[in-house]
Amino acid sequence: MDIFIQQLINGLVVGSIYALIALGYTMVYGILQLINFAHGEIVMMGAMITISAVSILSGSGVNLPGPLLVVAGLLVSIPITMLLGFTIERVAYRPLRKAPRLAPLITAIGISIVLQQVAVLIWKNNPRSFPDLLPHASHDFMGAVITDLQILIVVLALVVMGGLLIMVEKTKLGRAMRAVSMNQSVASLMGVNINYVISMTFVIGSALGAVAGVMVGANYGLAYPTMGFMIGLKAFTAAVLGGIGNLAGAVAGGLLLGIIESVGAGYLGPITGGVLGSHYQDIFAFMVLILVLVFRPSGLLGERVAERA
Amino acid sequence: MTLARYSLIATAVLALAACGKQEEAPAPDAAGAPAAAAPAGDEVIKIGHAAPLTGNIAHLGKDNENGVRLAIEELNAEGVEIGGKKVKFEMISEDDQADPKTATTVAQRFVDAKVAGVIGHLNSGTTIPASKLYSDAGIPQISPSATNPQYTLQGFKTAYRVIANDVAQGGALGEFAATNLKAKKVAIIDDRTAYGQGLADEFEKAAKAKGVEVVGREFTTNQATDFMAILTTIKGKKPDVIFYGGMDAQAGPLTQQLKKLGIAAKVMGGDGFQTGEYIKLAGDNAEGQFASQPGMPKDKMPGFADFDKKYKAKFNTDIQIYAPFTYDATRLMVEAMKRAGSADPAKYLPELAKTDYQGVTGPIKFDEKGDIVGGQVTVYQVKAGKWEAVATVGSPAAAPAAAAAPAEQPKQ
């Protein structure tokens, strides 16, 4: 039983990471109906820049406690990823806003390859170890183990989701976002500066991406230039699973996907008598994506939207 | 367009993107390939080198390349005569991305470029498929690091290696776990590559033969970073030792996550993570873990101290693992050319088989399959943040018997 609880906890932690990243996908989709495939690379950039910043800080004799050092690293990486997100939207998506939907999808993939290669040029291809700065004392929970860092990741995913929901529902910017998402031209007729709203969406999404990247790096103890691809793909799956465009859905989808994967990897071998081993855990994510698209195209919490295009 | 249809297209485009990523990587390397170019005038002999120069084990590939580069630059400086003519050597280095498909493309490129010989590849999974193309073209190939037994069991006259294979390595590790560590129960994880799986299978055989119980066999991939699920399954089986067949990019985080779950078992593995990189990635958790390395301990290698000095002076970095092996492979290939008086593969191949070379890594002779005779295996342990040799298993006399033992072909 403690093994099962441990698998659930593992799944919850991985799922929270997916959720944090999925929020970035879903925000942009909600407003532009565009899948920002470069988001996985923003996550990677966040992690890599934070590692560099932290090593420069501690190398130059700054003596801060670990968590503060990570916060300092984030203070460097968040503005850079925000700027990246802003630039990506300005360069790769805005000129194509009126183009067929496939065009910005292709520039998104292009941007993601460019970012990945730039990261290879800057940091080389070796995995970088993530400095051991965040508290990771273990706690016993019904026979299973959970660390401080893992609790932080789960809490962070929920807090960020709550914060975003409040922003979208209660603030002026949020109202503008909802308006743009419903109908761009009518929103602009009502005096909403749609370019500003869309830029802000990318900037906020990228900041979240940087935080998610640091959580991924800290959790696995390493980061590398090609890490964004797989984790981005999983987070995208989570967003679709929960109903893309829906903030609570992204978190629900992320958690569910994490748990399915973890339990799948843990019990796939014994159940199939060793025919399928635990290395098939990734196909779980994509099987889920296919099944959801077949049976519930709008996702678990997604609303059925009328045909617009 | 409905969301469903849109997402399907997205997935399809994404799949294309994934392919794109595979193919776009070699471009920068192609530009920098003829690095050790020879001056015009003398006859130029091209030697191919293949290893992953991008991806998560690029540091190992670069290390291999440096070994070949050092050998070739020294040979060119010494001035080599083959068949009475002065010759210069040129290295053509290609990136196989540790990917079997890319490896065959690279091999074809070497065949088309008419290289005189190939040093490589690094991984067993790339060396084996590439060896068929070299064999068909009659080009001698010496792998510095492919340890899967299969490589030399295919009956190719052109396939050689200068490292003990996994029958020797897995056997030595199994014996070490049973006798030195007194392990009663082991769990085995591998990354499903030709190397990881092959080594894990050999370890399993050796451990079982020594009466050790194998309580779990789990799998991951050579791209994974999350091992919590499989480690949790293993935790329930309470092994004394967890064996990992794979590379350092996975072994590092795996060791960290092991500690996170409060598993006290020792980690043990092969040459794939007996690297400095492993200690960096696993951090403090690397302390006390074991990994083996075919060959003698570095401080017992006859020419290591000297080689290490030259390497550091030239490349300003530490040796990862196989640079001394690629260095030896290059030099002994050229020795064979000298003896044959020709760099024509058909002419010097018979001489290569007769190799009796005193290398940096020790004496090198080949058996009839192309395996090194008398390959030894050293087990290392991380002590105070450094790998330290704790035992050397296998002796020049015992090894040929071990190499002849595998009746059962490893599964592919």
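The model is predicted: local features need pLDDT of at least 70, side-chain atom pairs count only at pLDDT 80 or more, and totals for chains, interfaces and linings use all residues. Residues are numbered from 1 along each chain as its sequence is written, while chains are lettered from A and ligands numbered from 1 in the order in which they are written.

**Chain A**

Chain A contains 11 helices and four strands; helices (H or I, at least four residues) and strands (E, at least two) are DSSP runs, numbered from the N terminus. The radius of gyration of chain A is 20 Å, close to the 19 Å given by the globule rule for 309 residues, so chain A is as compact as a globular protein of that length. The radius is taken over C-alpha atoms, and the rule is 2.2 Å times the number of residues to the power 0.38. Along the principal axes, the C-alpha atoms of chain A fill a box of roughly 60 × 55 × 35 Å.

UniProt, in an unreviewed entry, annotates "transmembrane region" at residues 12-35, 42-62, 68-88, 100-123, 143-168, 204-223 and 280-301 of chain A. UniProt positions are given in the numbering used here, feature names are shortened, and annotations may be inferred rather than shown by experiment. The same record source, again in an unreviewed entry, places "domain: Leucine-binding protein" at residues 45-385 of chain B. The table gives the end-to-end C-alpha distance and the secondary structure for annotated spans.

| Span | End C-alpha distance | Helix | Strand |
|---|---|---|---|
| Residues 42-62 of chain A | 27 Å | 86% helix | 0% strand |
| Residues 68-88 of chain A | 30 Å | 100% helix | 0% strand |
| Residues 45-385 of chain B | 43 Å | 43% helix | 21% strand |

Ile151(A) belongs to helix H5 (residues 148-170) of chain A. With 17 other C-beta atoms within 10 Å, Ile151(A) is partly exposed. A residue is buried if 20 or more other C-beta atoms lie within 10 Å of its own, exposed if 12 or fewer, and partly exposed in between, with C-beta atoms placed from the backbone. Ile151(A) and Val13(A) are 138 residues apart in sequence, and their C-alpha atoms are 7.8 Å apart in space. Of the 309 residues of chain A, 52% count as buried. Among contacts in chain A with a separation of 6 or more, residues 24 or more positions apart account for 77%; two residues are in contact if their C-beta atoms, placed from the backbone, lie within 7 Å.

**Chain B**

Chain B has 14 helices and 15 strands, and 57% of its 412 residues count as buried. Residues 24 or more positions apart make up 72% of the contacts in chain B with a separation of 6 or more.

Chain B is divided into domain 1 (17-164 + 301-365) and domain 2 (166-294 + 375-404), with bounds from an automatic or database domain assignment. The centres of these two domains of chain B, taken over C-alpha atoms, are separated by 28 Å. In the contact between them, 16 residues of domain 1 of chain B meet 22 residues of domain 2 of chain B. Helix H5 (residues 124-137) of chain B gives the most to the domain 1 side, with three residues. By class, that side of domain 1 has six nonpolar, nine polar and one charged residues. Here Ala, Val, Leu, Ile, Met, Phe, Trp, Tyr, Cys and Pro count as nonpolar, Asp, Glu, Lys and Arg as charged, and the others, Gly among them, as polar.

Ala130(B) lies in helix H5 of chain B and is buried, with 29 other C-beta atoms within 10 Å. Leaving aside neighbours within four places in sequence, Ala130(B) is in contact with Ala103(B), Thr104(B), Ala107(B) and His121(B).

**Core and interface**

Of the 217 residues in the largest nonpolar core, Ile17(A), Ala19(A), Leu20(A), Ala22(A), Leu23(A), Ala177(B) and Ile242(B) touch the most other members. Such a core is a set of buried Ala, Val, Leu, Ile, Met, Phe, Trp, Tyr and Cys residues joined through C-beta atoms within 7 Å. Helix H1 (residues 2-32) of chain A supplies the largest share of this core, 17 residues.
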